[in-house]
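Thanks for coming. Please have the model open.

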Amino acid sequence: MLEDLPLDLDRELAQPLSVQIAEQLRRAATTGPLRGGDRLPSTRALAERLGVSRTVVAAAYDQLHAEGWITGRRGSGTYLTTAPAAAPARTAAGHDTAPASQLFDLAPGAPCVDAIDPAAWRRAWRAAADHAPLVRKDRAGEPEFRTAVTEHLLRHRGIGAGSDTVLLATAGTSSAVGELAAALLRPGAAVAMEDPGYQRAAGAFAAAGVEVLPVPVDENGLRVDLLPPRIEAVYCTPAHQFPLGARMPAARRVELVEHARRAGIFVIEDDYDGELRYDTAPLPLLATMAPDVVVHLGTTSKILSPALGVGWLLAAPAVAEALLAHRERTGTGPSPAGQRVLLALAAHGDLARHLRRLRRALPPRRMLVVTELRRRGLGVLGDDAGSHVVVPVESAEAERRVVAAGQARGVALDGLARYHLGSRRAHFGVALGYAALSWPELAAAVPLAAECLARP
């Protein structure tokens, strides 16, 4: 019975009481006292037992609900939804085996769909379907969608479309990169990219006939002092360098902008997970510093789902005009369907609620990962932001051994090898995503991953 569980709160800790309650209930679910289907007490009853306000317990339950641990049944109460996933079986020789059905995917780049309110998601798709079929689509994007992005996704970043910038809808980051390359760059032109960096952006440039020149990164992101002289653009992820997780400080941002202006080039700022900053307020976007030379890209694939296939681009009017001209020539443009779903979420306040829920759901996940890694003496790279961390290893061979060991234990691990663009590598390690799996799956997968990393 839950009444027998040792739920003890320490009021001397800096950790909020609601976080302590949620953490202890998770532990009870993963270690055995609680089972899937068990009924939890009401927030009032548990608050009385622990001697805290009902608001504290409600906050803990909200967090557990966002993580997919509990669900409410109307007129019945609150129930634990799931039990921890089974560990891989051991053979008679003591070796672990991992059927494909038990493979835990810890690769980065996937969203936390457990944080999505199913009712809000269904409501948004129904609202999107209520529109009459289009005869022709607006190649700039649905006007209401562009307004919603400006008001709900860019306002908190201190940026908005104005007389010096134009906001367009896109089909996502990779699609936008490909469009920019085709509309603004001649075949054979060169673009500088972070190394390691986002391989799909590199692929989009290459598909447009643009040469990609790798530029090293350090703990502050892209090395501006190492930018080659013959480039026409720079692609970077300054808010949360992908995949290493560095945040570009103000001084280097100024250095990059000044370099772009002197060289007559433009900067593509990929803000792929800018809404997932929960440790501190983010630094100003490059686009707010220099809208004349910066093209800002955003996407819904990390905050909601790639099923929407929608993002946005903010750029100077001349860039927007060139992009629209390219779309007219090629008959391309983003689909209105995903735009209308996002618009419906924003119109009902569900988008704002989802972002708040997401920012509550991810920090405990990161804490679970970091705590387990550091318990084994492993290093962790990356800001307290986004949805992944990087664990460095000593060599390419060690990286290959870790990935192979993970596969044998039933855990898909993502080595940094595929993110390097050049032949010379300076970074070896594994990127661990903590958003895509359910909490029980994450709790089962992370110790296995940490064990593989601790013995490369």
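Which backbone nitrogen lies 2.8 Å from a polar atom of the side chain of Glu269? It is the backbone nitrogen of Leu286. Before going further, note that this is a predicted model.

Some context for Glu269. The residue sits in strand E10, residues 266-270. Glu269 is buried, yet has no salt bridge. The nearest side chain of opposite charge belongs to Arg253, and that is 4.8 Å away. The cut-off for a salt bridge is 4 Å between a side-chain nitrogen of Lys or Arg and a carboxyl oxygen of Asp or Glu. If we leave aside neighbours within four places in sequence, the contacts of Glu269 are Cys236, Pro238, Leu285, Leu286, Ala287, Val294, Val295, His296 and Leu297.

Now the paired ones. Side chains of opposite charge can pair when their charged atoms come close. How many salt bridges does the structure hold? The count is 22. I will go through three of them.

On accessibility, Arg139 is partly exposed at 22%, and Glu328 is exposed at 55%.

Next, Glu372 and Arg375, where the closest N and O atoms are 2.7 Å apart. Both residues are in helix H12, residues 350-375, and because they are three residues apart, about one helical turn separates them. Is each end buried or exposed? Glu372 is buried, with a relative accessibility of 13%, whereas Arg375 is exposed, at 58%.

The last pair is Glu397 and Arg401, whose side chains form a salt bridge at 3.7 Å, N to O. These two are four residues apart in helix H13, residues 396-409, so here again the separation is about one helical turn. Glu397 is partly exposed at 38%, and Arg401 is partly exposed at 36%.

There is also a network: Arg123, Asp350 and Arg353 are joined by salt bridges that share partners.

Key: Residues numbered from 1 in each chain as written. Predicted model: local features only at pLDDT ≥ 70, side-chain atom pairs only at ≥ 80, totals over all residues. Heavy atoms only, no water. Buried < 20%, exposed > 50% of the residue type's maximum accessible area, 1.4 Å probe, protein only. Lys, Arg positive; Asp, Glu negative; His and termini not counted. Polar contact = N/O pair within 3.5 Å; in protein donor to acceptor, adjacent residues only side chain to side chain. Contact = heavy atoms within 4.5 Å.
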